[in-house]
Amino acid sequence: MTLPSWQFEDSNLYDELLAATDVELDEVPFGVIALGEDHRVVFYNAAESALSGLSATRVIGSHFFTEVAPCTNNFMVAYRFQTEESLDATVDYVFTLRMNPTPVRLRLLRRPGERRQFLLVQRS
Amino acid sequence: MTDELERLYELLYLLPVGVVAFDSAGVVGAANPLSVQLMNPFVAPTAMHNAFLLLAPLMADLRELIERHDGRHVVVSRRRVVLAPDGRAPMTVEFSVNCSRPGQFVAILADVTDLVLQERELRRERDRIRVIVEMVREYAIFTTDRTGHVDSWNASGQRLFGLTTDQAIQRSLDELVDSQGEPLGDVLEEAVLAGWRRVRGWSTGPDDMAFYSDTMISTLADDAGRPEGFVVIVHDASEVRQREEDLRREADTDPLTALANRRGFDARASRLIRACEVNGVAASVLMIDIDHFKLVNDTYGHDTGDRVLRAVSDELTLRLRAIDLVGRFGGEEFAVLLPGTTGDAAVLAAEALRSAVEMLGIETLGGQVLRVRISIGVAQLEGDLPRTLLRADSALYAAKEQGRNRVVSA
């Protein structure tokens with residue numbers, strides 16, 4: 001098995017993430033959070049787990065914007081997932097990871113009909 | 001990663017207030033997401049690690065304050081700051097800073113925008129109610145404590161009772177409103193049980209003027225539902241009472257002679273008779289009829305007939321005592337109740353009436369002078385009033401039979 005060499009900025013990243021197995025997603029060096037249509041967490045990769053200090057088992061099944069990261073429940077992140085059918089946007093943001101304000105870049109990925117939406121997190 | 005630490009992170013991520021721990025140089029040691037989220041629209045991402053920069057929109061001189069800090073626990077106490085993010089509604093943040101140990105500080109940030117709006121709405125509501133309370137005429141609205149002592153007063157009470165706040169506070173409710181002899185404690189207990197209680201009676205207003213008060217006492221409960229005081233609404237019902245009395249007087253009065261009608265006579269007679277019974281004295285009644293009144297009507301017309309009725313009623317009223325009760329029972333028939341009077345004394349009184357009416361000259365519309373006479377039946381009160389009136393009526397019938405213009409005792 002070759003390790004995925006995907007970059008945060010790859011233009012076809014959404015398709016690659018959809019095609020990847022969960023094991024492969026765990027190898028990705030940036031945070032990968034996969035959400036179902038109801039915005040519950042269906043996958044939380046190892047990189048994101050290390051950033052946030054929360055294990056995947058604790059997070060999976062929870063509503064991401066209200067139960068995991070209320071600081072994203074705003075116009076910049078949650079609102080876009082709720083209102084934009086097709087979404088591929090990168091925003092500069094500050095996450096507070098392990099009690100430290102951390103500037104990050106977020107990539108928001110959504111397409112109509114897909115089983116997974118992604119929120120990607122990379123330290124800037 | 002320990003489970004404990006994970007739980008702590010989770011708690012911090014979900015905490016509904018912002019928390020920022022920093023040292024005296026402003027270096028952020030720990031922060032939770034909400035603190036950063038609140039400040040994010042106002043500061044650059046690079047400022048996030050410096051508390052003085054991060055919190056500058058809330059307090060520009062935080063650095064100076066921390067440098068001058070003298071060791072007290074509270075550095076900033078619940079300071080409210082309005083922040084206006086670009087293109088969005090203003091947000092109010094409540095902001096405190098405590099010193100947790102020497103050189104270490106914790107800032108707590110809460111978005112109190114909704115609370116401020118609620119407080120403003122409450123304040124407006126209170127102002128509106130205050131205006132209403134102070135503007136109402138003929139009403140006083142105030143509160144008392146659980147024992148019925150006034151604990152808030154306003155312009156409405158001052159107007160109705162003529163008491164300043166200083167004079168009214170701590171005054172007992174029973175000094176202000178009349179519970180008709182019922183102890184205030186009982187009135188308040190009933191208000192507590194039923195939620196409210198109404199009392200009516202006489203109160204004293206400005207310049208010691210009495211007014212008729214209609215009072216609603218409603219129970220105020222504390223958060224646990226226990227009664228903690230009362231809202232009292234006093235209405236100056238003097239005009240209402242006057243109107244009611246006027247109506248009652250109209251309903252009880254014969255419009256032609258201004259004497260009591262049958263209804264008014266019965267109502268007032270029963271009170272007088274009770275007073276006689278209480279005092280153990282006799283009472284007597286007279287039934288009086290104008291002789292040949294039909295002839296007067298037929299000969300001189302109804303207007304003259306009315307003059308005769310008025311003249312006779314005036315004469316009866318004039319000759320009788322103030323405590324005696326005279327009524328017109330319809331037509332040319334009158335009844336008199338003489339309290340404190342035996343049958344014998346009543347016969348003498350009746351005779352005096354008969355002769356006074358006989359001497360009366362009544363001018364007709366045509367300018368003639370008429371004389372009328374009356375027959376009277378007398379009965380001392382025995383049993384109830386209706387039976388006594390019947391006996392007096394029989395005596396009156398006998399007087400008519402015996403030739404009129406005379407007094408006959410039952």
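## Local features of a predicted two-chain model

The centres of domain 1 and domain 2 of chain B lie 50 Å apart, taken over C-alpha atoms. This is a predicted model. The domain assignment divides chain B into domain 1 (3-115), domain 2 (136-241) and domain 3 (252-409).

**Helix α11 of chain B**

Helix α11(B) spans residues 293-300. Its buried residues are Phe293(B), Val296(B) and Asn297(B). Seen down the axis of α11(B), these buried residues fall within an arc of 95 degrees, so they line one face of the helix. What covers them? The cover of the buried residues includes β11 (283-290), α12 (302-319) and β15 (369-370) of chain B. The face turned away from the buried side carries Lys294(B), Leu295(B), Asp298(B) and Thr299(B), which are exposed. Just after the helix comes Gly301(B), with a positive phi of about 95 degrees.

**Aromatic pairs**

Over all chains, the structure holds 15 aromatic pairs. One of them joins Phe64(A) and Phe65(A). Their ring planes stand at 80 degrees with centres 5.5 Å apart, so the pair is edge-to-face. Phe64(A) is buried, with a relative accessible area of 2%. Phe65(A) is buried at 0% relative accessibility.

Phe265(B) and Phe329(B) also form an edge-to-face pair, with 5.2 Å from centre to centre and 85 degrees between the planes. What does this pair tie together? Phe265(B) lies in helix α10 (residues 262-279) of chain B, and Phe329(B) lies in the loop between β12 (325-328) and β13 (333-339), so the pair ties together parts that are 64 residues apart in sequence. Phe265(B) and Phe329(B) are buried.

Elsewhere in chain B, ring pairs link Phe142(B), Trp153(B), Phe161(B) and Phe211(B) into a cluster. A charge is placed over another ring: the charged end of Arg241(B) sits over Tyr212(B), 4.4 Å from the ring centre.

Asn261(B) lies in the loop between α9 (238-251) and α10 of chain B. Is Asn261(B) buried or exposed? At 17% relative accessibility, it counts as buried. Its side chain reaches the backbone oxygen of Ala251(B) at 2.9 Å. The side chain of Asn261(B) also reaches the backbone nitrogen of Arg263(B), at 3.1 Å. Leaving aside neighbours within four places in sequence, Asn261(B) is in contact with Ala251(B), Asp252(B), Thr253(B), Asp254(B) and Arg328(B).

**Asp214(B): a polar side chain in a strand**

Strand β9 (residues 210-221) of chain B holds Asp214(B). Asp214(B) is buried, with 14% relative accessibility. A polar contact of 2.6 Å joins its side chain to that of Arg198(B). Not counting residues up to four places away in sequence, Asp214(B) touches Arg198(B), Val199(B), Arg200(B), Ile233(B), Val234(B), His235(B) and Ala237(B).

| Side chain | Partner | Distance |
|---|---|---|
| Asp214(B) | side chain of Arg198(B) | 2.6 Å |

**Leu54(B): a buried helix residue**

Leu54(B) is found in helix α3 (residues 51-54) of chain B. At 0% relative accessibility, Leu54(B) is buried. Which residues does Leu54(B) touch, not counting those up to four places away in sequence? They are Val20(B), Met39(B), Val43(B), Ala47(B) and Met48(B). The C-alpha atoms of Leu54(B) and Gly26(B) are separated by 9.3 Å, and these residues are 28 apart along the chain.

Arg98(A) has a phi near 50 degrees, a positive value in a residue other than glycine. Arg98(A) lies in the loop between β3 (87-97) and β4 (100-110) of chain A. Its relative accessible area is 32%, so Arg98(A) is partly exposed.

Arg78(B) has a positive phi too, near 40 degrees, and is likewise a residue other than glycine. The place of Arg78(B) is in a strand, β3 (residues 74-83) of chain B. Its relative accessible area is 58%, so Arg78(B) is exposed.

Conventions: Residues are numbered from 1 along each chain as its sequence is written. Chains are lettered from A and ligands numbered from 1 in the order in which they are written. This is a predicted model: local features need pLDDT of at least 70, side-chain atom pairs count only at pLDDT 80 or more; totals for chains, interfaces and linings use all residues. Side-chain values use heavy atoms; hydrogens and water are left out. Buried means under 20% relative accessible area, exposed over 50%, partly exposed in between (1.4 Å probe, protein chains only). Helices (H or I, at least four residues) and strands (E, at least two) are DSSP runs, numbered from the N terminus. The arc is that of the directions from the helix axis to the C-beta atoms. Contact means heavy atoms within 4.5 Å. Domain bounds come from an automatic or database domain assignment. Rings of Phe, Tyr and Trp (its six-membered ring) pair if their centres lie within 6.5 Å; planes under 30 degrees apart count as stacked, over 60 as edge-to-face and the rest as tilted. A charge sits over a ring if NZ of Lys or CZ of Arg is within 6 Å of the ring centre and within 35 degrees of the ring normal. A polar contact is a pair of N or O atoms within 3.5 Å; within protein, one must be able to donate a hydrogen and the other to accept it, and residues adjacent in sequence count only if both atoms are side-chain atoms.
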